[in-house]
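Student: Please take a close look at one part of this model, the pairing at one side of a sheet, and then connect that part to the rest of the chain.

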Amino acid sequence: MLPPQSRPRRVLHVIRRLDRIGGAERIVTELVRELAGHDVLVFAGEASAFDLGGGKFLRARNFAHAIWICTGLRRQYDVFHLHLPPSIYLAILFGQRTVVHEHSTHIERRRKVLPRILSRIALRRAGATVAVSDSVRDVIVSWKGSAARVFSLPNFIARLPSAKDTSAGTTTILMVASFRSAKRQDELIRALPFMPDDVQLSFAGDGPNLSACRDLAQELGVAHRITFQGSVRDISRHYASARLCALLSEWEGFGLVVLEAASFGKATVVSDIEGLRDSCPDPGLLYAGSSPQELADKLMLTLEFCEAPAFCAKLRTHAKAHDLSSYASRLEEIYSQLDSQLVTRDGQWTCEAEG
């Protein structure tokens with residue numbers, strides 16, 4: 001096999017599924033669609049929810065089958081780029097040919113003993129670990145026990161279709177997030193009765209907590225002021241129709257939707273937590289309150305200043321700093337680190353694991 005430097009680099013992204021719309025899934029899809037030589041392997045779920053363009057889409061029946069496929073493809077790909085457990089466990093087998101991509105400061109699986117052990121081994125074996133924010137990097141360093149080959153690389157904004165701003169004459173607050181344990185759509189619903197009657201909420205996303213939030217809206221008598229959009233593929237028109245966005249969460253690796261909203265000139269009020277601070281374009285958008293009234297006051301105050309032309313320009317500038325081109329350049333630098341760690345042994349290219 002030729003060393004990676006002598007031919008175009010081939011990268012195989014491995015992720016459990018692409019049929020749900022989440023931050024990790026969006027990043028993988030855009031890399032596969034936009035970068036030459038990048039393909040993807042999934043081993044659960046249905047067909048991709050995204051357009052992969054000309055990227056190669058490989059399917060495995062389960063994780064064991066994914067291991068078998070990757071073993072057979074070792075000579076075809078220079079890098080195995082692994083996203084989320086259990087994909088990252090492949091680093092245990094393929095060592096420094098792998099990049100582990102960490103998308104969150106909190107992964108429920110790691111509360112269990114075996115996943116915790118496997119994750120730590122994978123991080124030590126991997127050629128590099130990419131963290132989506134400085135806060136995620138700090139968590140990984142504490143897990144791994146070393147800062148060696150751990151890189152902070154903030155997410156980029158996927159290319160979204162343009163959409164005409166239709167927010168004039170309405171007061172819609174949008175939250176784009178899955179209805180899962182970390183997300184706090186319920187806080188936004190509880191704050192709605194404390195806001196003027198013309199304020200409406202729009203939720204884009206799906207998940208196990210959706211039914212409970214619908215019930216809460218009925219209980220509080222505000223269901224007629226809330227639209228549950230479900231899983232949305234064309235998010236552009238929802239950003240374009242919103243006056244303000246919100247992202248309330250107990251933990252977050254990186255607020256990709258904050259950047260997406262900013263690219264449309266829309267501000268996002270976010271929970272004052274690690275991860276979201278990294279993506280927030282202005283400290284005035286951080287929310288640290290704890291009551292529905294406090295949240296309502298914060299949202300209404302933000303609505304008063306967030307549409308000023310200078311502030312909207314600031315948001316768009318912040319978003320442009322997170323483009324795919326600069327991200328891809330930095331990612332290529334990380335891949336090149338793997339090249340420098342390869343050693344020749346009996347004329348073959350092999351990898352050495354971390355001590």
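Tutor: Strand 12, which covers residues 268–271, pairs with strand 13 in the parallel sense, over 2 bridges. Across this pairing, Ser-271 stands opposite Tyr-287 in strand 13. The model is a predicted one. The two strands belong to an open sheet of 6 strands with parallel pairing, in the order 10-9-8-11-12-13. Strand 13 (286–287) is an edge strand, and strand 10 (226–230) is the other; each of them pairs on one side only.

The chain has 13 helices and 15 strands. Its radius of gyration is 21 Å, close to the 20 Å that the globule rule gives for 355 residues, so the chain is as compact as a globular protein of that length. Along the principal axes, the C-alpha atoms fill a box of roughly 75 × 40 × 35 Å. Buried residues make up 53% of the 355 in the chain. Among contacts with a separation of 6 or more, 67% are between residues 24 or more positions apart. The accessible surface comes to about 15500 Å², and carbon and sulfur atoms account for 51% of that surface.

Thr-29 lies in helix 1, which spans residues 23–34. Thr-29 is buried, its relative accessible area being 2%. Apart from neighbours within four places in sequence, Thr-29 is in contact with Leu-18, Phe-50, Asp-51 and Leu-52.

Next come the aromatic rings. The whole structure contains 8 aromatic pairs. One of them is formed by Phe-80 and Phe-94, which are stacked at 5.0 Å centre to centre, with 20 degrees between the planes. Phe-80 is in strand 4 (residues 79–83) and Phe-94 is in helix 3 (residues 90–94), so this pair ties together parts that are 14 residues apart in sequence. Both Phe-80 and Phe-94 are buried. Phe-305 and Phe-311 form an edge-to-face pair, because their planes are at 85 degrees, with the ring centres 5.4 Å apart. Phe-305 is partly exposed at a relative accessible area of 32%, whereas Phe-311 counts as buried at 12% relative accessibility. Ring pairs also link Phe-179, Phe-203 and Phe-228 into a cluster.

The loop between strand 4 and helix 3 has two backbone features to check. Most residues other than glycine have a negative phi, and most peptide bonds are trans. Leu-84 is not a glycine, yet its phi is positive, at about 65 degrees. Leu-84 is located in the loop between strand 4 and helix 3, and with a relative accessible area of 26% it is partly exposed. The peptide bond from Pro-85 to Pro-86 is cis, with omega near 0 degrees. Pro-86 is likewise placed in the loop between strand 4 and helix 3.

Another positive phi occurs at Arg-149, where the value is near 60 degrees in a residue other than glycine. Arg-149 sits in the loop between helix 5 (134–144) and strand 7 (150–152). Arg-149 counts as buried, at 18% relative accessibility, because the cut-off for buried is under 20%.

The cysteines remain. A disulfide is a covalent bond between the sulfur atoms of two cysteines. The structure holds 0 disulfides. For Cys-280, the closest cysteine sulfur is that of Cys-245, at 12 Å, which is too far for a bond. Cys-280 is buried, with 12% relative accessible area. Cys-312 is in no disulfide either, and the nearest cysteine sulfur, in Cys-306, is 6.8 Å away. The cut-off for a disulfide is a pair of sulfur atoms within 2.5 Å. Cys-312 counts as buried too, at 14% relative accessibility.

Notes:
Residues are numbered from 1 along each chain as its sequence is written. This is a predicted model: local features need pLDDT of at least 70, side-chain atom pairs count only at pLDDT 80 or more; totals for chains, interfaces and linings use all residues. Side-chain values use heavy atoms; hydrogens and water are left out. Helices (H or I, at least four residues) and strands (E, at least two) are DSSP runs, numbered from the N terminus. Buried means under 20% relative accessible area, exposed over 50%, partly exposed in between (1.4 Å probe, protein chains only). Contact means heavy atoms within 4.5 Å. Rings of Phe, Tyr and Trp (its six-membered ring) pair if their centres lie within 6.5 Å; planes under 30 degrees apart count as stacked, over 60 as edge-to-face and the rest as tilted. The radius of gyration is taken over C-alpha atoms; the globule rule is 2.2 Å times the number of residues to the power 0.38. Accessible areas come from the Shrake-Rupley method with a 1.4 Å probe; for residues, only the protein chains shown count as cover. Two strands pair if DSSP finds at least two bridges between them.
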